[in-house]
Amino acid sequence: MIRKAKYNDVESIQNLICIFSETGKVLFRSLDEIKENISSFWVYEKNDQLIGVCSLKKDWGRLVELRSLGVDPRYSGQGIGTKMVEASLKEALSTDCDTLFVLTYAVSMFKRLGFRTIDKERLPHKVWNDCNACLHQENCDETAMVLSLASLRQTKAIQIPPTATTTVI
């Protein structure tokens, strides 16, 4: 089950992030950073265990970043990462942001979900502040990908016919 993270999830979230931060697949997040940003995290819970995590960072103006995505390796290949991204996408659509971006190694998954690859240089410079803590800082091999939230909103508006009301006189 996917749900918004709660304060008592902080240590489990960090444990999941640490699995991937040790190899440089995601950035390390301190307990304090997770606590301060707990409302931005989603978790996937199964049998009372957190087995998936991701978060949205909305501090980039009209951009929102999907980050810290990870699924316990014992549960990989079960679509949990995709479900986590979809939950984050729904939340991103409820913001006033126009574009969702991700820096990722999971290019094929994000392509399946409608993201497209862009040159990292097109992202605002302030996005790279987190890179100071990255193991690959000097030789970044992540792929930058974006999804237009504005286009998705427009497509959904077109697909959902307005409710017609008939007045009888």
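Predicted model: local features only at pLDDT ≥ 70, side-chain atom pairs only at ≥ 80, totals over all residues.
Residues are numbered from 1 along each chain as its sequence is written, and side-chain values use heavy atoms, with hydrogens and water left out. Helices (H or I, at least four residues) and strands (E, at least two) are DSSP runs, numbered from the N terminus.

**Helix α1**

- α1 has 12 residues and spans 16 Å from its first C-alpha to its last, close to the 16 Å expected at 1.5 Å a residue; the expected span is 1.5 Å times one less than the number of residues in the helix.

- An open sheet is built from 7 strands in the order β1-β2-β3-β4-β5-β7-β6, with mixed pairing; two strands pair if DSSP finds at least two bridges between them.
- At the edges are β1 (2-4) and β6 (116-118), each of which pairs on one side only.
- From one strand to the next, the twist averages 30°; axes are lines fitted to C-alpha atoms, for helices over the stretch in contact, and angles run from 0 to 180 degrees between N-to-C directions.
- Helix α1 (residues 10-21) packs on this sheet, where it touches β2, β3 and β4, and its direction makes about 85° with that of β3.

**Two hairpins**

- β2 and β3 pair in the antiparallel sense over 6 bridges, and Lys46 has Gln49 in β3 as its bridge partner.
- The hairpin of β2 and β3 has 2 residues between the strands, and Asn47 in the turn has a positive phi of about 50°.
- β3 and β4 run antiparallel too, joined by 6 bridges.
- Across this pair, Trp60 stands opposite Leu63 in β4, and Leu56 stands opposite Leu66 in β4.
- The hairpin of β3 and β4 has 2 residues between the strands, with Gly61 in the turn at a positive phi of about 70°.

**Helix α3**

- α3 has 14 residues and reaches 20 Å from first C-alpha to last, close to the 20 Å expected at 1.5 Å a residue.
- Most of α3 is covered, with 11 of its 14 residues buried; among them are Ile80, Met84, Val85, Leu89 and Leu93.
- α3 lies across β1, β2, β3, β4, β5 and β7, running at about 35° to β3.

**Nonpolar cores**

- In soluble globular proteins, nonpolar side chains tend to be buried together.
- A nonpolar core is a set of buried Ala, Val, Leu, Ile, Met, Phe, Trp, Tyr and Cys residues joined through side-chain atoms within 4.5 Å.
- The largest such core here has 26 residues, and those with the most contacts inside it are Leu66, Leu69, Leu100, Phe110, Phe115 and Leu149.
- Two or more residues of this core come from each of β2 (41-46), β3 (49-60), β4 (63-71), α3 (80-93), β5 (99-104), α4 (107-112) and β7 (143-148).
- The largest share of the core, 7 residues, comes from α3.
- Apart from its neighbours within four places in sequence, Leu66 is in contact (heavy atoms within 4.5 Å) with Ser55, Leu56, Val85, Ser88, Leu100, Phe101, Val102 and Phe110.
- A second, separate core of 13 residues includes Ala5, Val10, Ile17 and Val53.

**Two exposed residues**

- Ser39 sits in the loop between α2 (31-36) and β2, and counts as exposed because its relative accessibility is 57%.
- C-alpha to C-alpha, Ser39 and Ala5 are 6.7 Å apart in space and 34 residues apart in sequence.
- Arg112 belongs to helix α4, and counts as exposed because its relative accessibility is 62%.
- Arg112 and Thr82 lie 30 residues apart in sequence and 9.3 Å apart in space, C-alpha to C-alpha.

Notes: Buried < 20%, exposed > 50% of the residue type's maximum accessible area, 1.4 Å probe, protein only.
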